[in-house]
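Please examine the sequence and structure before reading on.

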Number of protein chains: 2
Amino acid sequence: MGQKVVVIGAVAAGPKAAVRVKRLQADADVLLIDQDNYISYGGCGIPYYVSGDVSDEKELRSTSFHMVRDERYFEKAKGVRTMTMTRALAIDRKARAVLVENLVTGRQQSIEYDKLLLATGSDPVILPIPGTDLQGVFTVNDLHKAIAIKDLIAKGKVGKVAVIGGGAIGIEMAEACKDLWGLEVSLVEFKSHLLPNLVDWEMADMLAKHLRDNGVAVHLEEGATEILGNDDGWVTGLRTNKRTIEADMVLMAAGVRPRSQLAREAGLNVSQGGAIVVNEHMQTSDPSIYAAGDCVEITNLVSGLKLFAPLGSLANKQGRVAGDNIAGIPSVFKGGVGSFIMKAFETSIGSAGLTLAAARAAGYDAAVSLTSPSDRAHFFPTQSVVCYLLVFDRRTRKVLGLQGFGPMGDGILARINSAAPLLCSGATIEDFNTIEMAYSPPFSSAIDVLNAAAYVAENICDGRMRAIDIREYLGYMHDPDSRPDWRLLDVRSVREAEPFINAFGTGRWLSLPYDEVRERYQELPRDKTLVIVCNAGSRSYEIQRFLDQVDYPNTLVLPGGMNVIRRLNVDWLP
Amino acid sequence: MGQKVVVIGAVAAGPKAAVRVKRLQADADVLLIDQDNYISYGGCGIPYYVSGDVSDEKELRSTSFHMVRDERYFEKAKGVRTMTMTRALAIDRKARAVLVENLVTGRQQSIEYDKLLLATGSDPVILPIPGTDLQGVFTVNDLHKAIAIKDLIAKGKVGKVAVIGGGAIGIEMAEACKDLWGLEVSLVEFKSHLLPNLVDWEMADMLAKHLRDNGVAVHLEEGATEILGNDDGWVTGLRTNKRTIEADMVLMAAGVRPRSQLAREAGLNVSQGGAIVVNEHMQTSDPSIYAAGDCVEITNLVSGLKLFAPLGSLANKQGRVAGDNIAGIPSVFKGGVGSFIMKAFETSIGSAGLTLAAARAAGYDAAVSLTSPSDRAHFFPTQSVVCYLLVFDRRTRKVLGLQGFGPMGDGILARINSAAPLLCSGATIEDFNTIEMAYSPPFSSAIDVLNAAAYVAENICDGRMRAIDIREYLGYMHDPDSRPDWRLLDVRSVREAEPFINAFGTGRWLSLPYDEVRERYQELPRDKTLVIVCNAGSRSYEIQRFLDQVDYPNTLVLPGGMNVIRRLNVDWLP
């Protein structure tokens, strides 16, 4: 027999590493330990199991060739031994042994290792509020809870659901409950926008509007203060700092924390945030012990700062690298940019790298280009508007992040996946200008949306385009009297401008179509700041360039134009 | 007035450069010249206009905000003068003047320039065979022909169409004629497979099968020898070296050649292939003269060789760079990898970089990884098999190219766009291993198809996986007696193996399910070469690893498994 490899945790990184080691070293004795009886399942599929897109939980635990990944499977097919329902209690690093307990029999034993992998995952955050132990209150972190949630809903015991947490899991669960089951769904997010660490507020606001349009009550800047129950111990509602929401079920999706108690107690280096510290080989501060998956933190390859990114895709990559190194292949995992994509009803939203907020917090001279082009050739019948936000550093011209919001499909994915490796390599706006995106009318535009976003960033960086901040624009539209020196200049067709003129008055909302500006620009007031408006922002930019050249320098472009504004939660649109 | 800029050619690169210059230099006098009256149109949209997806040709000439891009538009909206129906006859480099002729009036004039841009595009290849001048014979290179083609079809004058050329345009036109109009369509390609320079034969064969399944008669390795006509001068058929095809219309899509006569006659450097030679600033051998679009050749950023890639996406990028440089901004266009995507009925096919054939021709020690995974989480209901071919160099481990074939949608695009910038930077298999592809079950797998393709490439490079060449496998299946020392080892379920055992006999097609190999491998013959078969290739690889370790070294994996074989033109499948 070769080396003894013990892997603790058998969901994503753990099994990946275990089978990789066994494939590389036939004589290795590989043991996979988990405290659960369900192992090696697609945790990211839970919302789709609850929604019914995936009918049976077994599918989440099966291979693509329909074999259930249970103890027998790992033993027979992979040659990897497994111990389920077994909790690791302590690591004796000197003796190189793990003390484990069988949760069914209570029997404890010490298991020796040559190499140990900690793939202990993460724990859901349990809010420190009353009522979290009521019946009908769930976190969404394992398959048992998913089954229990779906079971309750399927039995007709749930009419109203309150979701705590506007991250990806909370939103996906809200959709699952609303879309297939038709439940009354409320979603409460403590911060000022959804997906707070993943996208900036404009993208989040578009998402929130779409959720609301699909019947989900979204409450932002609301903290859950108490979960209410009845005498039978069942949940009846959720109290926030602003309201009380009736609910037969409360889903707590308030984030996760690395599960690192075992590592900490064994004296391994653990970060302030509780994540196990590893090097590029996924090795902890003890060279015999590796860690991978949700329990570790990685390097953010844009900022160089630490990043806690509990994503199934990264867990698998880290598991493979850990497996390589355990088997003697010095593979490296350098870090990541947190590539992210999610479906929300009929839309998709994605991101990679830093948000504007994160970039500024990290000290960058950060700005954004906000664009709203057609996602494919504008003459192709399936084309649709898509919004992109490109975050860049004005000083170094480095691109720091990309976010996209648009129709459901793989279009946003195509740009996130394209940007991610470039973000890792410190690419500049000019690099993004020339990325060679594949073009054919059913798929894209001759000038791809990603190239177009970079063009706008370049124009901003070089001072050729001056954009108004969307928040400032919305503030002005709410209270036009606040800026008596401003005028809206609508360069769309007269027909498109008309309802706005009717709503805001000819004194405030000026109409001068794009192709008449060169002839008629002298009709425009020279003593006002003109906020130039079109549908996508590109005509506005061209007009700004022209007005600059004829000595009308006080103009601002509404970036992304009305395509953006129409997708936000605004109530003043005519 | 500032500098005089003359642009010859007003389809893609030309207009892009012209308006860019004008935006950057308000005082520039920019003149756009074209021999046609239709300018600035989406030529790549022609097949979709013919198919009816795009109802009016005006849409191909319009902006996203529905303004037709005609002379008036460029004048009024862009400040760019245009002369249409005007042909450039000669360049007087000393005098810095272009002699042009108005094709309507016949009037000639000399136009001075400070900077000249040649965006003269390409000419369709007219085959040197009899009958190309018959009525009903068309090339597919401009909007007039597109209108004439659609007009004839719409009037019911066409029942049978023969397409010459199995490149992208030929295939798109075949689909347009078949899918919407229900015509009888034959497609003839001189080379041994479709899209000959863009994909390798496996991908092309999948595409050919899909076209045939959709009713297009695909004839490969057939050269058109004569176009047949009746006494009225109308086409009646197409003769090839193998057959005669009845046809009321013949579409010649046999490729394009750079249109460079003007440049050559002016003494500018022109390549052997006829392309105008430019530097990274899109500058010709005369510093006052630039060139961009289909008339130039670029650097293949993978091989360093020259690349003729007449693509609308590149033309626009080159136009922008030319515009920048004309206006004094030293932008660069480094070259490309030929990112390509196309729709064919219900499928999409894409590529970037070098094919295996091109890589070997360029001297690389090239090999491929062929995979056929699910395009998204295999438990997600919309998942579908997709095939990828990753081309790499065994010596340097550099990835040289990527090809994909799968269902229609943006999934292949997402991987081509991700690979393209990495191909430009000389990325290795290991870089592709760790590209951070965004994951969520409705979009992708935790281990993305692109990462998985790289994993297989790594396993091949490191000698951990030995694959059989698909052609060799197909040859064997056609004549099993040719290799009496070979056996098929089917590691799928017994139920899946059964029809194959019935067809090929238990002596030849062995069944031993994946999860029973570790227990029963000694039943396998040691003196035979085992060709291991599953659906996607991954189980076969695992079994090869195991058999290596228990001293059964004579095994070969069928890469991509039956998922690949089922998509090829084979007639022996049970």
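**Exercise 1.** Determine which residues of chain A UniProt lists for "domain: Rhodanese", and describe the span.

*Solution.* The UniProt record, in an unreviewed entry, assigns this domain to residues 482–570 of chain A; positions follow the numbering used here, feature names are shortened, and such annotations may be inferred rather than shown by experiment. Next, take the ends of residues 482–570: their C-alpha atoms are 18 Å apart. Finally, the span is 36% helix and 18% strand, with helices (H or I, at least four residues) and strands (E, at least two) taken as DSSP runs numbered from the N terminus.

This is a predicted model, in which local features need pLDDT of at least 70 and side-chain atom pairs count only at pLDDT 80 or more, whereas totals for chains, interfaces and linings use all residues. Residues are numbered from 1 along each chain as its sequence is written, chains are lettered from A in the order in which they are written, and side-chain values use heavy atoms, without hydrogens and water.

**Exercise 2.** State how many residues each chain brings to the contact, and what area is buried.

*Solution.* Counting contacts (heavy atoms within 4.5 Å) gives 91 residues from chain A and 91 residues from chain B. The buried area (accessible area, 1.4 Å probe, lost on putting two parts together, summed over both) is about 7,800 Å², with 57% from carbon and sulfur atoms. A:Phe379, A:Glu436 and A:Phe443 supply 11% of the area that chain A buries against chain B, more than any other three residues.

**Exercise 3.** Give the count of salt bridges between chain A and chain B.

*Solution.* With a side-chain nitrogen of Lys or Arg within 4 Å of a carboxyl oxygen of Asp or Glu as the criterion, the count is 14 salt bridges. A:Lys76 forms a salt bridge with B:Glu519, with the closest N and O atoms 2.0 Å apart. Helix H11 (residues 411–424) of chain A provides the largest share of the side of chain A that touches chain B, 10 residues.
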